[in-house]
Amino acid sequence: MAIRVIRNDAGNCVNFLGSSNPVYWNACLSAEVDSTYSDRINVINDIRTVIEGDNVYEFFQVPYTDFSESDGTVFTSATDAAEYITTQCNVASNTGSFVLSDTDTLDFSVDSTSTTVLLANGDAYAVNSIQAVANDDNHIDIVKHTSGTVLYKDLRVANARIDGITVTQTLATAVNELNSLFTNTASSSGTAPSITSNTTINLTAGETLNYELTATNGVAYEWSGLPSGIATVDGNVRKLIGGSSLAIGSYTITAKAINYYGEDTQTLTLNVAAPPYSNTKSVEFENQDYLGANAALLDDVLGRNGNGSGSGDAWTIHIWYKPDNFNSGQTIFYFGDSDVTNGGHLEVRTTTSGNLRFTYGSSNNYIRRTTNNQPFSTGTWYNIIITYNGGTTGASSADVSDYYSRFNIYINGNAASLANAHGNYGWSGQIDGENFRVGRYASGNYINGGRVDEIAVWDSNETSNVSSIYNGGTTHDLSQLTSTPSHWWRMGDGDTYSNIQDNVGNATFVMYNMTAANIVTDAP
């Protein structure tokens with residue numbers, strides 16, 4: 001698409017629509033056919049050229065076919081394009097001089113940014129673009145600085161004003177006063193730009209950025225360090241868009257605002273945060289429904305080679321559970337040997353009285369802790385956290401009380417009152433990952449009505465972090481905790497039948513004897 005050269009309705013500035021260049025004041029630019037390539041043109045910033053002493057190009061050796069008139073009409077030659085651009089950028093050279101009578105008054109001032117000379121008649125010119133000159137009739141001409149073209153002719157000294165005050169009534173002094181105003185900001189008192197827009201940008205992952213850089217006295221703008229996927233808007237270099245593909249984290253971007261008298265550089269911080277946490281689903285269990293995963297993938301978390309060796313064998317289990325009934329002992333969570341009679345395993349279940357029971361060992365040799373007189377109620381969500389400190393569980397009658405102390409149960413963030421039991425004083429053997437299930441023991445003890453949500457396991461004793469994990473009963477992003485789980489299943493949110501994804505590891509649950517309807521819209 002060609003760059004359209006468009007003068008605004010007021011006639012005081014020109015925009016190159018379709019380029020990243022800024023808007024230019026009248027009498028700032030002129031165009032020429034390039035001396036080397038006859039089909040290309042250069043657009044020169046006449047004002048900056050005067051200040052800097054060398055040609056300053058806004059466009060250099062650009063094919064004339066890249067430009068068009070304001071209505072889209074294409075140019076037939078480089079000469080036509082250069083003449084059109086020069087005419088549009090210098091209205092006075094096209095319309096001729098304004099010849100002033102002895103009653104015509106011109107009142108001059110400089111705008112608040114010290115970059116524009118304002119005339120009381122509504123005209124405006126960039127500073128350094130115009131000059132006052134004494135003519136042969138002892139009047140004042142206002143001319144274009146770079147070409148000498150007369151813009152206003154025969155301004156009487158008596159009718160020349162600065163900020164409403166008549167200039168000194170001596171021709172030479174009046175000319176000097178006007179030129180001092182016209183070049184005011186080229187002196188050491190010129191004002192450099194100052195970036196005023198926010199330097200901290202907050203974005204949620206997946207959203208699109210819409211940010212615009214603003215600066216007092218800004219004329220030109222530059223960016224560096226833009227992350228991949230963020231770009232400036234065509235025709236407005238100050239605006240940034242994009243960023244929907246950015247990963248969660250912080251990014252730094254350098255922004256620079258420039259004018260003829262200096263620049264301001266600021267470092268922008270772009271923070272990309274995770275979307276707000278949402279928990280809306282759980283998995284419902286009925287009849288012989290259960291979930292199964294590759295238990296070997298959790299051997300380094302819940303398994304052990306022999307008797308507990310200390311913190312290296314510690315773990316934590318976290319579950320949200322909503323019972324429907326207590327018709328029989330219902331297994332919520334199982335990990336361990338496929339031979340439940342002789343092999344070591346972990347089992348979490350509810351009893352027929354509605355209490356929670358945890359067993360560690362085999363069905364013959366075990367440590368068992370059961371909530372005491374704190375029965376669950378049907379239709380209510382409960383948070384369950386069970387911790388193991390990794391210590392010995394042995395098989396010595398003298399040490400059985402120590403074995404019990406290795407395990408703690410927390411219901412809704414509070415340590416539960418527990419009743420203890422054992423089989424042959426405990427279990428000293430290994431726990432190996434052969435079966436990992438939710439909702440099933442061995443051949444029975446299914447959850448016969450109930451819902452499970454937000455299962456997680458840690459390879460550490462999280463007793464000191466129970467409060468943070470429970471979070472006052474509000475489910476939250478467990479991966480954002482200081483101590484993050486080794487495995488975490490959302491149990492419906494983000495899942496598609498027939499798999500329940502592991503959001504931290506790769507132990508995916510498969511839904512057995514279930515349908516897509518078992519993922520229900522119900523959550524704590």
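Okay, let's start with Ile386, which touches Trp315, Thr316, Ile317, Val348, Phe358, Asn408 and Ile409, leaving out residues up to four places away in sequence; contact here means heavy atoms within 4.5 Å. Quick caveats: this is a predicted model, where local features need pLDDT of at least 70, side-chain atom pairs count only at pLDDT 80 or more, and totals for chains, interfaces and linings use all residues. Residues are numbered from 1 along each chain as its sequence is written, and side-chain values use heavy atoms, with hydrogens and water left out.

Back to Ile386: you'll find it in strand 33 (residues 382–388). Helices (H or I, at least four residues) and strands (E, at least two) are DSSP runs, numbered from the N terminus. So is Ile386 buried or exposed? Its relative accessibility is 0%, so it counts as buried; buried means under 20% relative accessible area, exposed over 50%, and partly exposed in between, with a 1.4 Å probe and protein chains only.

On to helix 4, residues 171–182. Those 12 residues reach 17 Å from first C-alpha to last, close to the 16 Å expected at 1.5 Å a residue, where the expected span is 1.5 Å times one less than the number of residues. Leu171, Ala174, Val175, Leu178, Asn179, Leu181 and Phe182 are buried in helix 4. Why do they line one face of the helix? Because, looking down the axis of helix 4, the buried residues fall within an arc of 155°, taken from the directions from the helix axis to the C-beta atoms. Turned away from that buried side, the face of helix 4 carries the exposed Ala172 and Asn176.

What do those buried residues pack against? Strand 9 (106–110), strand 10 (116–119), strand 12 (130–134), strand 13 (140–144) and strand 15 (160–162).

Last, the pairings. Strand 13 and strand 14 (residues 150–155) are antiparallel over three bridges, with Val143 opposite Val150 in strand 14. Strand 8 and strand 14 pair in the parallel sense over two bridges, and Val99 has Lys153 in strand 14 as its bridge partner.

How values were computed. Pairing = 2+ DSSP bridges.
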